[in-house]
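Dear colleague,

Please find the structure we discussed below. I would be grateful if you would read the notes after it with the coordinates open.

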Amino acid sequence: MEPATTHGELGKLRWHCRRGLLELDLVLEQFNNRHLEVLDAGQLALFKELLAFGDNDLLDLVMGRTAPADERYGALLKMLRTP
Amino acid sequence: MAIAKRQFDAVVVGAGGSGLRAALHLAEADLKVAVLSKVFPTRSYTVAAQGGVAASLGNDGEDNWHWHMFDTVKGSDYLGDQDAIEFMCRKANEAVYELEHFGMPFDRTPDGRIYQRPFGGQTRNYGEGPVKRSCAAADRTGHAMLHTLYQRNVRARTQFFVEWMALDLIRNQDGEVLGVVAMEMETSEVMIFQAKATLLATGGAGRIYSASTNAYINTGDGLGMAARAGVPLEDMEFWQFHPTGVAGAGVLITEGVRGEGGFLLNKDGERFMERYAPTVKDLASRDVVSRAMATEIKEGRGAGKDGEYILLKLDHLGAEVIDKRLPGIREIAMKFANVDCTKNPIPVVPTCHYQMGGVPTNIHGQVYAPDGADENIVRGLYAAGECSCVSVHGANRLGTNSLLDLLVFGKSAAEQVIRDIAVDQAFKDLPNDAADRPLARLARLYSATSGESVAEVGAEMRRTMQLHCGVFRFPDSLAEGVRKMLAVVERVKHTFIKDKSKVFNTARLEALELDNLVETAVSTMISAEARKESRGAHDRSDHPNRDDINWMQHTFWFKEGDRLQYKPVKLKPLTVESFQPKPRVY
């Protein structure tokens, strides 16, 4: 199968997971280690969209304190929430 | 190798609160300003600040700057410089009103003034009782501050270089700082940012400890750059610890858990705080609880496989109380400790939270490198915020004073830059070796085919700091810690990465960050081993008391030869009488 993205793009995504809140660093690091290299193109595009959220808004989504306005994020958020 | 060069009046390294506040003042003075940041500015660690910013506005009860000054001097355990503390407390109201006028969405009173709430250590009438001094934007003060300052910077045409990592300072033979060498992450392009003024605003380096509340970006890049350029680091032995971070993760568990009736247990199920603080038990102050926990772990009564943590029990409160009074705790415990806290205790450890020391500056943000009694200003170099040591926090910071520090001294440093540039308008010639040091660091990482693992050396550094230089310090352990850290310093010279790619090579970024962390860590260990007293956050078993005869001194660590030098605390404020040292009791 063709990789969904390049080594450099994965590096960029990993770097975009460096956040101002430790809670997000931890959640995103675990997610990346488990899933980043096997996400398909559609999931990667959604992940990029999620990473564009501000830190507190993203943490609220990840911790389930707020519901996503866009239901397309549901599956990815579920993966992010899995301990 | 020829490398590109750009010229700016001022280069600011770091885009958290202090960097953005400084850059804004510079850009509004029509200077050409570049801000370099590893991450998008609003994702800087300032975003994590919840408590608020201290200012004696007196919007709900009487208050004044002199009371605030007293609290800060006392909170610092008398290590804070009283000129700097007076300066900060007097400027606080102006700093907050400026932010308000920039559009900061502070919480309001019903009649429209800035709402203020009490915070630990902030008192009225020199310790008589709590005062409402903290100005906040809900529990997202840092977040709101970053957004407000970033927007104003965009308006003022500050030039942002986002996802650029500053590598090293450029100094000429006269010791003047002439800019920085930095690398763009997307391309690995290295560029010289030549500047009439270089301002470090890189934040703290809490990632030197295994147990840290700090985000991964807090790697002390400004401290590493300063140390490698021959600038000393001041008072690095002083780090503030929070008692209840989740073991292995660092995420904070609020003190409210103990306020609601939760308590700490050792591996034997003993409620040990009854021995250390028989009256208030688990509700003793942060440093007392942290020390008790560290002692239990040190003496082999920690829980867990390696006896490495303490248990925070709250299941007896019942799920209903936990959900109602402690919202969010259940999900945090589940997510980061994998524990259902309605059934089982949460593993916690005292966790590194804030760096009181840093790059030495005066109240104008000018960096200095003391030479005997001479302050010895490093021309062209300025610093502000957590990476700097003014020193307003001394041996212990009060809550809500960190956001105030970065606002006041971010602006003050910018004002000094403007004055200095007005006098000396020309760019100075760069030395031929301007970029040699960072290029050599990069070349080594490119060419090395074997060597030390960045992850392993980093882990050894964090373990060593945690074990030998934590919340409670023991003389033999500190001495062993120094030996171990010096070995880590040698190992970090030989780090090796397999990945030689040039686009967002995160392995290389982490190797470069580790260089900076290690400078911070070794300066901390050596400074701590040498300070033979207990003061504020520095607590030694063999010298349990504060020693005002011998140790009213700031520590300066120089990288070259790991040399230490001392300078007396400035007890003389700018305009008022000095606060003389007294026992710090609350």
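This is a predicted model: local features need pLDDT of at least 70, side-chain atom pairs count only at pLDDT 80 or more; totals for chains, interfaces and linings use all residues.

Chain A

The secondary structure of chain A consists of 5 helices and 0 strands, in the order α-α-α-α-α along the sequence. A compact globule of 83 residues would have a radius of gyration near 12 Å, and the 12 Å of chain A therefore agrees with that expectation. The C-alpha trace spans about 35 × 25 × 25 Å along its principal axes. Of the 83 residues, 49% count as buried. Among contacts in chain A with a separation of 6 or more, 57% are between residues 24 or more positions apart. The chain exposes about 4100 Å², of which carbon and sulfur atoms supply 53%.

Helix 13 of chain B

Helix 13 of chain B covers residues 454–468. Its 15 residues reach 21 Å from the first C-alpha to the last, close to the 21 Å expected at 1.5 Å a residue. At the start of this helix, a side-chain oxygen of B:S453 comes to within 3.2 Å of the backbone nitrogen of B:A455.

The buried residues of helix 13 are B:V454, B:V457, B:G458, B:E460, B:M461, B:T464, B:M465 and B:H468. Because they cover an arc of only 160° around the axis, they lie on the same side of helix 13 of chain B. They pack against strand 19 (452–453), helix 14 (475–492), strand 20 (495–496) and helix 15 (506–530) of chain B. On the other side of helix 13, B:A455, B:E456 and B:L467 are exposed.

With kind regards

Notes. Residues are numbered from 1 along each chain as its sequence is written. Chains are lettered from A and ligands numbered from 1 in the order in which they are written. Side-chain values use heavy atoms; hydrogens and water are left out. Helices (H or I, at least four residues) and strands (E, at least two) are DSSP runs, numbered from the N terminus. The expected span of a helix is 1.5 Å times one less than its number of residues. Buried means under 20% relative accessible area, exposed over 50%, partly exposed in between (1.4 Å probe, protein chains only). The arc is that of the directions from the helix axis to the C-beta atoms. Contact means heavy atoms within 4.5 Å. A polar contact is a pair of N or O atoms within 3.5 Å; within protein, one must be able to donate a hydrogen and the other to accept it, and residues adjacent in sequence count only if both atoms are side-chain atoms. The radius of gyration is taken over C-alpha atoms; the globule rule is 2.2 Å times the number of residues to the power 0.38. Accessible areas come from the Shrake-Rupley method with a 1.4 Å probe; for residues, only the protein chains shown count as cover.
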